Amino acid sequence: MNIEKIKALFNQKGEVHFKLYSLEYTIIKENDEILVYADLYATRKQNYKTIEDALNYFTVYNESLIENENRIINII
């Protein structure tokens, strides 16, 4: 459910913010790339080709965002 909400908001606005564990994260589209990063560490951006790649391959504590779906909160 959370992953579908992230995808829907991303497709509408081109940007999504959410909280996972104690950090705020951003997924944003820039120059035909999808960037994912923790807001606190904005200089450590990870690049992906699609939103699906970002959700499958960006990891937090060695688990993808899809595997952490139940821990994601405050999706805006």
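I began with Ile6, which is buried, with a relative accessible area of 0% (buried means under 20% relative accessible area, exposed over 50%, partly exposed in between, with a 1.4 Å probe and protein chains only). I noted that this is a predicted model, in which local features need pLDDT of at least 70 and side-chain atom pairs count only at pLDDT 80 or more, while totals for chains, interfaces and linings use all residues. Residues are numbered from 1 along each chain as its sequence is written, and side-chain values use heavy atoms, with hydrogens and water left out.

**Entry on Ile6 and helix α1**

I located Ile6 in helix α1 (helices, H or I with at least four residues, and strands, E with at least two, are DSSP runs numbered from the N terminus). Which residues does Ile6 touch, not counting residues up to four places away in sequence? I found Val16, Phe18, Ile27, Leu55, Ile72 and Ile75 (contact means heavy atoms within 4.5 Å).

Helix α1 covers residues 2–13, twelve residues, and its first and last C-alpha atoms are 16 Å apart, close to the 16 Å expected at 1.5 Å a residue (the expected span is 1.5 Å times one less than the number of residues). Its buried residues are Asn2, Ile3, Ile6, Leu9 and Phe10. Seen down the axis of α1, these buried residues fall within an arc of 130 degrees, so they line one face of the helix (the arc is that of the directions from the helix axis to the C-beta atoms). I recalled the general rule that an α-helix has 3.6 residues a turn, so residues three or four places apart point the same way.

On the other side of α1, I found Glu4, Asn11 and Gln12 exposed. The cover over the buried residues of α1 includes β1, β2, β3 (33–38), α2 (51–57) and β7. After α1 comes Gly14, with a positive phi near 80 degrees.

**Entry on the sheet**

In what order do the five strands of the open sheet stand? I read the order as β4-β3-β2-β1-β7, with antiparallel pairing (two strands pair if DSSP finds at least two bridges between them). The edge strands are β4 (46–48) and β7, each of which pairs on one side only.

I took β1 (residues 15–20) next. Its covered face holds Val16, Phe18 and Leu20, and its uncovered face holds Glu15, His17 and Lys19. Six bridges join β1 to the antiparallel strand β2 (residues 23–30), and Leu20 has Leu23 of β2 as its bridge partner. These two strands form a hairpin with two residues between them, and Tyr21 in the turn has a positive phi of about 55 degrees. I then turned to β7, which pairs with β1 in the antiparallel sense over two bridges; the partner of Lys19 there is Ile73.

β2 also pairs with β3, antiparallel, over six bridges. I noted Ile27 opposite Val36 and Thr26 partnered with Tyr37. In the hairpin of β2 and β3, which has two residues between the strands, Asn31 takes a positive phi near 50 degrees. Is β3 mostly covered or uncovered? I found it mostly covered, since five of its six residues are buried. Three bridges link β3 and β4 in the antiparallel sense, with Leu35 opposite Asn47.

**Entry on a loop residue**

Ala42 lies in the loop between β3 and β4 and is partly exposed, with a relative accessible area of 34%. Its C-alpha atom is separated by 9.0 Å from that of Thr26, 16 residues away along the chain.

**Entry on charges**

How many salt bridges are there? I counted one (a salt bridge is a side-chain nitrogen of Lys or Arg within 4 Å of a carboxyl oxygen of Asp or Glu). Arg71 and Glu63 form it, at 3.4 Å from N to O. Arg71 is partly exposed, at 39% relative accessible area, and Glu63 is partly exposed, at 28%.

I also looked up Glu69, in the loop between β6 (63–64) and β7 (72–73). Glu69 is buried yet has no salt bridge, and the nearest side chain of opposite charge, Lys7, is 9.0 Å away (Lys and Arg count as positive, Asp and Glu as negative; His and the chain ends are not counted). Leaving aside neighbours within four places in sequence, Glu69 is in contact with Met1, Asn2 and Ile3.
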